[in-house]
Amino acid sequence: MFNTFLFSAVAALPKCRVTITQSPSSATSALESTLLPSTTSTGVESTLHPTSASTGVEGTLTTAATIASASQTTVETSSTSPKTATKSGATKSMPTGFVYAQGSRMMLNNQQFTFTGVNNYYLFYAQQSDVDQLFADCQQIGASVVRTWLFSDGNRSPGSTAGANGQSIWFQEFVNGQVQFNDDQTTGLGRFDYVIESAKRHGIKLIITMTNNWPDFGGADWYVDRLSASKTHSSFFTDSQAKQAYKNYVQHVLERTNGLSGVQYKNDPTIIAVELINEGRCGGSGNYPQDQSCNTQTLTSWVSEMSQFVKSIDPNHLVAVGDEGFMNGGQHPDGTMSMLNDGTSGMDFEANAKLSSIDILGIHTYMQHWGTDYEPKFTDNTVNWIQSHASVAKQVNKPIYLGEFGVETSRNFDRSSSLERMVQTAKNNGYSGTVVWMLGSQFYGTQYPNNDGFVLNKDSKEVQFIKF
């Protein structure tokens, strides 16, 4: 999601076209630019002091070279009672409080873990009071999981005078010939420390997504722009420098020590899962074209490499792809686009599901953007999509969750009953949970606007129908 309309708070961000081949997760409107005035960076050298290593405290910059050359550390496990997860006949000891996979189920403290979830991408640049309110709203509607984004690449991301002294909020940028990380508590990764701690206080678990296929907040095209010799969108998945930079960022984030709790992100049970990329495809919606040689093997190879890398750093958290669930073979739902099942997107859901380094499977569904925006075909095809992916999950004996779904308010059919049918289908087919796009709340002094037509709030009549 978040790629139909591009976030407009910063004029320098590239625009993307509205097209039904994309999920609508790239959108906020010009209204948000009035809430968060765009600002220009004053230069990292004048505002932050580089250090040779990340300490996780405010006011630090770290170079990617430092991360790449550092030796990997042993995961610190707390003195908690171990739990045992069985997967493919093997046993694995888990500290108490972490969600883990046991066959086709998610588990927490030896009990099956199922959840109602919501998406909210803006937490990393919201005010702390807004973060608290979003999680309080989750409690009110019965949601226990929030899927959110943990990336902001480049200094073109939206800044706020309230939270960042008028400076852009960014987590990494290419400065003086190398990637530098911004750990500042006001303008950088330090902001996410509060997101984790607030979620913990409110009893909310997080699914974190590490980059974006779409150009919002940087994403794949940022890596291509800064690092890849071949200026194609899909070179993000093949270029050695782009891949290493992605690994460096992931390692920096997962090994970050939360300045509020003193706990490394990789050791924090507030986080359920790490998603590699939001809706990865061979093609994007930014300035860079698709390399025609990109195929399912290209992306499956990338997923395999990166998921193994994440597991090598962070064995505590579940790893997922973050994709929409496009297949490479079989029959696509009647009236929908062939890309759902012909492999042209580059994603092969079944191949990725078989990878031992992928712990849980997730899918997105936006049939209204994939060719059937009318009833009854819209909901029928959504149900078909949910069921067909449940079959794959059963074959590989792994948990599955519905990572994004939704119905715009502009649709001239019963939104509530459609959402209810989607959730009930997922529940009846063994899903662990559903994560609606999206829940908005208080945001810089006003209610978050319904820019893309999908936004719910705690008082929306539809929230009673998204409960898993």
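**Reading the structure step by step**

A: Of the 468 residues of the protein chain, 62% count as buried, and please keep in mind throughout that this is a predicted model.

Q: How many helices and strands does the secondary structure of the protein chain come to?
A: The chain has twelve helices and 19 strands. As for how these parts are brought together, among contacts between residues at least 6 apart in sequence, 72% join residues at least 24 apart.

Q: How are two packed helices described?
A: Two packed helices are described by the angle between their axes and by the distance between the axes. In this model, helix α4 (residues 128-141) and helix α6 (residues 190-201) pack at an angle of about 35 degrees, and their axes are 9 Å apart. The crossing in which α4 passes α6 is right-handed.

Q: Which residues of α4 and α6 make the contact?
A: On the side of α4 they are Gln128, Val131, Asp132 and Phe135, while α6 contributes Tyr194, Val195, Ser198, Ala199 and Arg201.

Q: Why is helix α7 described as largely enclosed by the rest of the structure?
A: A residue counts as buried when its relative accessible area is under 20%. Helix α7 (residues 219-227) is largely enclosed by the rest of the structure because seven of its nine residues are buried. The buried residues are Gly219, Ala220, Asp221, Trp222, Tyr223, Val224 and Leu227, and what covers them includes the strands β10 (172-175) and β11 (178-182) together with helix α8 (240-254).

Q: How many disulfides does a search of the whole structure find?
A: The search finds one disulfide, formed by cysteine 282 and cysteine 294, whose sulfur atoms are 2.1 Å apart. Both cysteines lie in the loop between β13 (271-275) and α9 (296-313), twelve residues apart. Cysteine 282 and cysteine 294 are also buried.

Q: Is the disulfide of cysteine 282 and cysteine 294 left-handed or right-handed, and why?
A: The torsion about the S-S bond is about -80 degrees, and therefore this disulfide is left-handed.

Q: Is lysine 266 buried or exposed?
A: Lysine 266, which lies in the loop between α8 and β13, has a relative accessibility of 0% and so counts as buried. Along the chain lysine 266 is 13 residues from valine 253, and the C-alpha atoms of the two are separated by 8.4 Å.

Q: Which residues does leucine 456 touch, not counting residues up to four places away in sequence?
A: Leucine 456, found in the segment after β19, touches Arg415, Val436, Met438, Leu439, Gly440, Glu462, Val463 and Ile466 when those sequence neighbours are set aside. Leucine 456 counts as buried because its relative accessibility is 3%. Leucine 456 and glycine 406 are 50 residues apart in sequence, whereas in space they are 9.6 Å apart, taken from C-alpha to C-alpha.

Q: Where is serine 460 found, and is it buried or exposed?
A: Serine 460 is in the segment after β19 (446-447), and with a relative accessible area of 14% serine 460 is buried. A polar atom of the side chain of serine 460 lies 2.9 Å from the backbone nitrogen of asparagine 457.

Note on methods. Residues numbered from 1 in each chain as written. Predicted model: local features only at pLDDT ≥ 70, side-chain atom pairs only at ≥ 80, totals over all residues. Heavy atoms only, no water. Axes fitted to C-alpha atoms, helices over the stretch in contact; angles between N-to-C directions. Helix = DSSP H or I, 4+ residues; strand = E, 2+ residues; numbered from the N terminus. Left-handed = near helix turned anticlockwise from the far one by under 90°. Contact = heavy atoms within 4.5 Å. Disulfide = S-S within 2.5 Å. Buried < 20%, exposed > 50% of the residue type's maximum accessible area, 1.4 Å probe, protein only. Polar contact = N/O pair within 3.5 Å; in protein donor to acceptor, adjacent residues only side chain to side chain.
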